Amino acid sequence: MPKVNRKRGTQKKAQGVGTGLGSRPATDDENSTGDNWSTVSVASDDSSWCESASVADEQEIEDTTEQENFEDRLAECIEGIASKSGPQRNKFLEGLRKAFSKKYIAEFLDKRKETVSDSLLRCVRKGKSDEVVLAAICLSLLAVQLGEELSPQYPNIQAVLTTVMTDKSASVKARAECATTLAMCCFLATDDFEDTQTIMSSLEDIFSQCYRKGDGTMPQMNPDLSLLHNRCLAAWSLLVTTSPPFFVEKLAMTHISLLGDLLHSSDTELRITAGEAIALLYDMSRCIDENFGGDDEATQRLCVQLKELSTESTKHMAKKDRRTQRSCFRDILRTVEAGEVPEATIRMGIESLVVEGWQLKKHYDAFCQVLGSGINIHLQENVMLRDFFNLGPPLPVGAKPTQKLSKVERNFHNNVANKARTKARARSRDKRSVVIGF
């Protein structure tokens, strides 16, 4: 039978099934029954839709109420850090620290940035050791929240933090935290290279006290001083990543041998930080000149020293410290000896961040130190941080995983972003005055 006839037959049969009475016309009772059925069905559907809409509305109301309560508590903490009681100020500072690290609230803070920064600086200037530490941490977190939006407040922040950091009569822990915060604020809130260079010099004045003495011996440091020098060196290394090429070359020529002295330090953390600073200078210098280092005698001596640290098995170190040192110095040795750079993948929700190279590692480590366990939340929601690591705009709620990029594509995108960032910074810096200064 032709296809057209089959369709017609099917249509007739379907009509018969639909009426239930063949070709006989429907009566009023039957029409009434059909109408009743339709009405009940629509009512049922409307009821289901209303129920789901009601649940969604309730959830939205609940989320709004929770956000309002959070903002009320945050506003109370901001007011509380101006309290006359020291313990009360510490309590509110701790509340701010937790809120800033666990949630991205740039829009809320943007309207209050001057008030918050002034109150925190007052705590840094007049508070005791614990209060200064908490206030400095909150300033770092404020910089991570606002980025360049904090630029108008940056000159005051720089002045206060530099004063505390260089004050030998201040608490060592407070000085260490101020060094970390100063570098983070400089890194995020300004592009002025002269400012950056001044801060780097202040940081070096502190950690250079760990260099060898004139008689060739290493100075003896207590744990608190070692912490201060370690923080200052880490902060200095972070600012190295923002330096223009001509300055990186100068640093590499003058500082690699000096930093090699710190590899003899008795403090494990300081040895690792010094090794990573050396690897960073080698990595950045080879991006400028592929033949940097090469097979010269200084590089060979350094490789021997790094190899010893990567295989050290002395009993005077704790097992965990020994394992950490070996792992870190294996990566450092591969960079200095063969030009290889470390690579790590960090997963946050359905996304992942690939940290490749010493510059990105230094950036990621600095943000981790400030944000702690809140790093993943900020990587997912913080617009400034996502833009910095080339993650794109924040994903909408319920988004599905995207296809992973290949390593070649990833490297291409990272190189393009790094070149764009370098050009942007170069345009905003007057290099002529720096060159004349040399």
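Which residues form a negative surface patch? In this predicted model, the patch is made up of E68, D72, E76 and E79. One of these residues, E76, is located in helix α2, which covers residues 28–80. The relative accessibility of E76 is 45%, so this residue counts as partly exposed.

A total of 11 salt bridges was counted in the model. One of the pairs consists of E131 and R89, whose side chains meet at 2.8 Å, taken from N to O.

A second example is the salt bridge between D261 and R212, with an N to O distance of 3.4 Å. This pair also links distant parts of the chain, 49 residues apart. D261 is in helix α11 (residues 245–261), while R212 is in the loop between α9 (193–207) and α10 (223–240). The two partners can be described by their accessibility. D261 has a relative accessibility of 16% and therefore counts as buried. R212, at 34%, counts as partly exposed.

The side chains of D110 and K113 form a further salt bridge, with 3.4 Å from N to O. Here D110 is partly exposed, because its relative accessibility is 34%. K113 has a relative accessibility of 16% and so counts as buried.

R286 presents a charged residue without a salt bridge. This arginine is found in helix α12, which spans residues 268–288. R286 is buried, and the nearest side chain of opposite charge, that of D283, is 7.3 Å away. A salt bridge requires a side-chain nitrogen of Lys or Arg within 4 Å of a carboxyl oxygen of Asp or Glu. What does the side chain of R286 reach at 2.5 Å? At that distance lies the backbone oxygen of T335.

Key
Residues numbered from 1 in each chain as written. Predicted model: local features only at pLDDT ≥ 70, side-chain atom pairs only at ≥ 80, totals over all residues. Heavy atoms only, no water. Patch = residues over 30% accessible without salt bridge, like charges linked within 9 Å, V, L, I, M, F, W, Y side chains within 5 Å. Areas by Shrake-Rupley, 256 points an atom, 1.4 Å probe, with all protein chains shown as cover. Lys, Arg positive; Asp, Glu negative; His and termini not counted. Charge placed at Lys NZ, Arg CZ, Asp CG, Glu CD. Helix = DSSP H or I, 4+ residues; strand = E, 2+ residues; numbered from the N terminus. Buried < 20%, exposed > 50% of the residue type's maximum accessible area, 1.4 Å probe, protein only. Polar contact = N/O pair within 3.5 Å; in protein donor to acceptor, adjacent residues only side chain to side chain.
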